[in-house]
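This report concerns a protein model with its sequence and coordinates. Please consult both while reading.

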Amino acid sequence: MIRKTRVPMREQAPAVRIHNFQEVPLGYTPEEAIEEAKRCLRCQKAPCIGGCPVEIDIPRFIAHIADGDFRVAIRVIKEANTLPAVCGRVCPQETQCEGLCTLGKKFEPVAIGRLERFAADWEREQGMEMPPVGAPTGFRVAVVGSGPAGLACAVDLRRSGHAVTMFEALHEPGGVLMYGIPEFRLPKDIVRAEIATLQAMGVELVTNAVVGKTFTVDELLADGYQAVFVGTGAGLPRFLGIPGESLIGVYSANEFLTRVNLMRAYRFPEYDTPIRVGRRVAVVGGGNVAMDAARTALRLGAEEVLVLYRRTEAEMPARREEIRHAKEEDIEFHFLVNPVRFLGEHGELSAVECVRMELGPPDESGRRRPIPIEGSEFVITIDTAVIAIGNQPHPLVPRTTPGLAVTRWGTIQADEDGTTSREGVFAGGDIVTGAATVISAMGAGKKAAAAIDRYLREKGA
Amino acid sequence: MYAIVKKRNLADQITEYVVQAPLVARAAQAGQFAVIRLHERGERIPLTLADWDPDCGTITLVVQAVGKTTMEMEERFHGGDSLADVVGPLGEPSEIEDYGTVVCVAGGVGIAPIYPVARALKEAGNEVICIAGARTRGLLFWLDRLAQVCDELIVTTDDGSHGRKGLVTEPLKELLEKERVARAWAIGPAIMMKFCSLACQEAGVPIIVSLNPIMVDGTGMCGACRVEVDGRVRFACVDGPEFRGDQVNWDLLMARLAAFKEEERCALEQFKAALEEATA
């Protein structure tokens, strides 16, 4: 008899976790993992694999967990995915692998993400195995940006035997994994451990290098790199463009989360970077970043945290688990509401005026377009606001690389395999697609690594 | 790590640091800045480049000890020590052309960042007149260096202890009246840049200012440094730091500079207490 429901994962209780920054889900024990793994039907067609942007052989790794052979399980995952501890935590599995799980048609789908996380955590505790590195090819590749796309690209290039240098603009590598996703959802030590593996494989890492400022892509190509991968992400915050947005107390989600995650402002004054959070905080947006900001505000001591979203819960792009976690933590959701201006006293935020919305016909994203209801304006008293309505592609590399074609949205024009309009320059991740997910960026990084490998071998022959 | 090659006191609470940062030195241009972080627990602070030497691979930073980080730098970072991080050059360079006669106004520690701008303008063929002002004689520095890159140097102090008694705006207004000034630059405290901008606006002379809002990453990612210029929100780190002074919303800039006043005071007090304990 197959269990109809998945083996639950233990979590920190809401009343406890809102006072700390430690991880919320606590992971499976080996017994729990084996029990969950046994729910897998081992379908011949394995639709789950088709839902995975990096095509992990899911039934095979789960079978090894069911047999208690965790070392082999993690090896299977790592054939396709270099950051399983990260992906097991932050992938939107419900719309990917788990969404296609055969078992899910009748019961709860197999908890693929939790099993991936279990295998990765097990390996980290036992000692990480370094993926094999290919024989040196003599080629040098520059990877610009050390977020998910760059990390995935660098690993695969190194596996193929190329010399790889990864450039990062900030003082710590990891991109959005370091500055964007909070500690309670993705512990930074896990990211550091993954990056340490990369370095052990021989990937050279240069921090504090802003490509487009410190040097250009063309300088890299002239400097002995035969190919460049651009994975600079969507790091530019979008604002609402409404009056009062520059009042003190209004943050972009990027600023709010960077202060807390990368700069550790939650440990101010032990760490030097400050953050100010008032008693009543409004977060604008409905994605994972909005959930992260709301739950971070709570942990920084806010008494009430409101999420203002212009559509309804059904249209929220956030992972279901993040929405559930936020609700358990008593974050208040206000749907069909959109800010029209921020109000202040003496330069500081004191309230937000909102308008009620209704859903009209679907827009280009396929979701029903929110339309303001005239005359429905109302005011909410707040002292902090965080704008989490998305990010734009970073313009620095496109702007400073002549001949690199960009779209009208500012993203780099690239084929499925990362090929751009410039020979030897490849791109992938959010800089090509606009803001998306960690795993899709990793998928793009892997495809580009394969294309770069082909390009170099053809060129060298 | 970025080694401090040389440290020299320039004036009361103002120190010059020459730091190994070859990649920054190689690409630096007048008007750009670097972001530094002292140590693993440090904050990222922007500092406008005061000079650089691509051959030696060094940059020069002039820092006034006013807050916790700058005071810690003054007290605990000496020649031979290293900064955890230096990144740059960031921001857009100054628009250097042969304009004719230009006036460069520096207030206080602003003397340091105006120096490379004046030098570049001079090299481009301009007649450069510099005005350097401070509260009192003890806060002035680099006057000899500045004199070497301009055709005329006017010095003012609020208390008359050196040069003309009064504010930098007075000689600026005189110059705007009697000379055919094509363009002006002003770098210093926000209030000083605001009044220089007003004077130039009245005279119909374009003025460029270098803004110093609060920043975190310095590469366009956080938006902490947003300023209003000509009614539009701009990011000082990537769109600036130089903007047309007559178009800047100064009141907003000054308000936002005080966003973390309470936290900054708390951090500074704690640091001073720790210092006293260490020396007691």
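What does the accessible surface of chain A come to, and what percentage of it belongs to carbon and sulfur atoms? The surface is about 18,100 Å², with 51% belonging to carbon and sulfur atoms; accessible areas come from the Shrake-Rupley method with a 1.4 Å probe, and for residues only the protein chains shown count as cover.

## Basis of the model

This is a predicted model, in which local features need pLDDT of at least 70 and side-chain atom pairs count only at pLDDT 80 or more, while totals for chains, interfaces and linings use all residues. Residues are numbered from 1 along each chain as its sequence is written, chains are lettered from A and ligands numbered from 1 in the order in which they are written, and side-chain values use heavy atoms, without hydrogens and water.

## Chain A

Chain A contains 17 helices and 16 strands, taken as DSSP runs (helices: H or I, at least four residues; strands: E, at least two) numbered from the N terminus. Its C-alpha trace spans about 70 × 60 × 50 Å along the principal axes. The radius of gyration of chain A is 23 Å, in agreement with the value near 23 Å for a compact globule of 461 residues; the radius is taken over C-alpha atoms, and the globule rule is 2.2 Å times the number of residues to the power 0.38.

Of the 461 residues in chain A, 59% are buried, that is, under 20% relative accessible area (1.4 Å probe, protein chains only). Where contacts (heavy atoms within 4.5 Å) link residues at least 6 apart in the sequence of chain A, 70% join residues at least 24 apart.

## Chain B

Nine helices and 17 strands are present in chain B, and its C-alpha trace spans about 55 × 40 × 40 Å along the principal axes. For 280 residues a compact globule would have a radius of gyration near 19 Å, and the 18 Å of chain B agrees with this.

Buried residues account for 59% of the 280 in chain B.

## Surroundings of Ser197(B)

Ser197(B) lies in helix H6 of chain B, which covers residues 190-203. With a relative accessible area of 2%, Ser197(B) is buried. Its side chain reaches the backbone oxygen of Met193(B) at 2.8 Å.

Leaving aside residues up to four places away in sequence, Ser197(B) touches Ile207(B), Val209(B), Gly245(B), Asp246(B) and Trp250(B).

Definitions and conventions
Buried means under 20% relative accessible area, exposed over 50%, partly exposed in between (1.4 Å probe, protein chains only). A polar contact is a pair of N or O atoms within 3.5 Å; within protein, one must be able to donate a hydrogen and the other to accept it, and residues adjacent in sequence count only if both atoms are side-chain atoms.
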